Amino acid sequence: MKHPITEGIGRSFIDLTQALGAAALMLKSVFFWFFRSKLEVRETVKQCVSIGVDSVTVTALTSFFTGMVLSLQTGNSSKNLFNEPLYIGTMVAFTMLKELGPVLTSIVVAGRAGAVVTAEIGTMAVTEQIDALYTLGTNPTRYLLVPRYIAFMVMLPLLTVLADFLGILGGALVGVVRLGIPTSVFMNDIYTYVEIGDFMHGFLKTFAFAFMIATVSCYKGMNTKGGAEGVGKATTEAVVASMVLVMVIDYFISAVLVAVGI
Amino acid sequence: MIEIKGLNKAFGEKRILKDISVTIKEGELFSVIGPSGIGKSTFIKCLIRLLRPDSGQIIVDGQDIASTRSEFTLAKVRRSFGYLFQEGALFDSLTVLENVAFGLKYLTDIPKSDFPKIVKAKLALVGLKDVEHLKPSELSVGMKKRVSLARSIAAEPKYILYDEPTTGLDPVTTGMVKDLITDMRAKLGITSVVVTHDMKLALDISSRVAMLSKGEFVEVSEPDKFRLSANAEVREFMRISHLSRVKQNQND
């Protein structure tokens with residue numbers, strides 16, 4: 001006899017399995033067309049602008065103010081504990097390079113560019129524009145997905161570098177102006193204790209985040225059903241899933257990178 | 001020639017197409033009629049493998065596309081087709097020029113420099129001019145449909161599939177689209193498949209009409225014979241279509 005709870009769990013499990021299978025097939029198709037076809041240069045550049053360049057302002061503001069508040073809080077805590085702000089430059093740089101730079105940038109990009117990608121592809125799906133691509137001799141994976149994957153994989157790491165720099169700059173501004181730390185001391189704290197490996201730790205993670213955001217956004221868009229309401233639902237689901245997965249993946253990749261000494 | 005043998009398609013438990021077999025001959029204008037939601041669009045989408053049939057064969061010029069898994073085989077066969085979508089399916093982010101030239105870029109080896117000239121000619125064929133630089137959002141429903149038709153004939157396909165070509169159009173534009181469909185066949189010799197719930201359109205333009213009901217073709221015949229069909233479902237659909245047309249005329 002069927003029980004509503006076990007039936008619900010079973011149904012969810014089947015849905016999840018089907019979604020993972022469909023996403024795997026989509027990835028196979030992305031790799032196939034990436035290696036087998038000529039790159040859609042115009043579309044790729046357009047997506048780099050939409051996903052990367054258009055996210056610069058929000059990324060810059062987010063990281064700059066995050067760096068500022070990081071410096072302010074750690075500076076004040078340090079003052080309370082040690083009567084002076086110690087190693088603020090080191091603290092801000094470590095945190096921005098290893099965690100906040102890549103994670104915050106990924107969340108900003110998932111919320112802004114990921115939503116755009118899902119809504120755009122989703123609208124095309126419900127208005128038969130994806131079918132139209134097939135009838136006009138183009139595979140949608142080649143024309144729509146490959147350029148977006150490339151744009152995410154190229155632009156997210158670049159945005160992260162910008163976020164790292166601006167976060168540290170924001171931290172330095174508060175450290176020097178508000179906490180009274182000499183610029184040379186702040187910079188010396190960074191140069192002495194921060195290594196290239198710390199930067200690489202955060203930088204390498206962004207490739208995994210970019211790949212995941214591209215996969216979730218494109219998958220949700222391609223599988224949108226149900227008109228305008230369906231587009232809204234798919235977009236929300238894509239953004240929520242991407243943001244949660246950034247956090248989950250972040251822990252596991254960090255654990256691996258720490259284990260291998262990066 | 002398109003040969004359809006034992007075509008079946010279901011969505012979950014619901015069987016939409018049941019063992020359909022029909023041959024669409026070269027140069028023919030074959031219409032499929034039936035009420036909305038009966039599976040006409042499913043049928044036409046199976047013909048070009050936008051939907052994968054559950055079983056059966058769809059042989060286009062000797063090549064069975066129903067079961068093939070090769071993207072390249074499908075792409076090759078789809079090159080012979082033009083497709084007019086119900087809502088036009090124009091690409092929102094592209095201009096009219098880019099929309100109509102889209103197929104030229106991917107389906108032909110025509111140099112890019114010739115695109116504007118060809119696009120202008122195709123737009124003129126569907127009664128449009130000076131709209132090349134407009135975006136789809138700036139066009140009326142009728143204009144969108146005509147641009148979509150220009151896009152589907154731009155690469156000069158051997159077959160055109162029309163999905164509800166007159167739905168949502170005013171009587172004048174409906175007449176224009178009707179003339180365009182017959183012109184495409186007369187001037188370019190294109191084999192056409194039209195799916196529509198517009199009985200009058202089907203009977204006026206087709207060389208053969210098929211009635212789809214409960215997943216099966218209950219009648220396939222020439223328009224003159226179709227009008228005299230003894231099939232109860234055909235007669236009922238014709239009666240309702242006639243009443244609806246009379247009512248529409250009274251309202252107009």
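Biologist: What counts as a salt bridge here?
Modeller: A side-chain nitrogen of Lys or Arg within 4 Å of a carboxyl oxygen of Asp or Glu. This is a predicted model, where local features need pLDDT of at least 70, side-chain atom pairs count only at pLDDT 80 or more, and totals for chains, interfaces and linings use all residues. Residues are numbered from 1 along each chain as its sequence is written, chains are lettered from A and ligands numbered from 1 in the order in which they are written, and side-chain values use heavy atoms, with hydrogens and water left out.

Biologist: How many salt bridges over all chains, by this rule?
Modeller: The count is 24.

Biologist: Which residue does Lys105(B) pair with?
Modeller: Glu40(A), with the closest N and O atoms 3.8 Å apart. The pair joins two chains, because Lys105(B) sits in helix H3 (residues 96-107) of chain B and Glu40(A) in the loop between helix H1 (4-36) and helix H2 (41-51) of chain A. Helices are DSSP runs (H or I, at least four residues), numbered from the N terminus.

Biologist: Is Glu40(A) buried or exposed?
Modeller: Buried, at 7% relative accessibility. Lys105(B) is partly exposed at 45%. The cut-offs are under 20% relative accessible area for buried, over 50% for exposed and partly exposed in between, with a 1.4 Å probe and protein chains only.

Biologist: And what does Asp131(A) meet in a salt bridge?
Modeller: Lys45(B), at 3.6 Å, N to O. Asp131(A) is in helix H5 (residues 129-135) of chain A and Lys45(B) in helix H1 (residues 40-47) of chain B, so this pair joins two chains. Asp131(A) is buried at 19%, and Lys45(B) is buried at 13%.

Biologist: Which residue forms a salt bridge with Lys233(A)?
Modeller: Glu237(A), with 3.6 Å between the closest N and O atoms. They are 4 residues apart in helix H9 (residues 227-259) of chain A, about one helical turn. Lys233(A) is exposed at 54%, while Glu237(A) is partly exposed at 32%.

Biologist: Which residues do shared partners join into one network?
Modeller: Glu40(A), Arg142(A) and Lys105(B).

Biologist: Changing topic: which residues form the nonpolar patch on the surface?
Modeller: Val240(A), Val244(A), Leu245(A), Met247(A), Val248(A), Tyr251(A) and Phe252(A), with about 680 Å² of accessible area together. Patch residues have over 30% relative accessible area and no salt bridge; like charges are joined within 9 Å, nonpolar side chains (Val, Leu, Ile, Met, Phe, Trp, Tyr) within 5 Å. Areas come from the Shrake-Rupley method with a 1.4 Å probe, and for residues only the protein chains shown count as cover.

Biologist: Where is Tyr251(A) found?
Modeller: In helix H9 of chain A. Tyr251(A) is exposed, at 57% relative accessible area.
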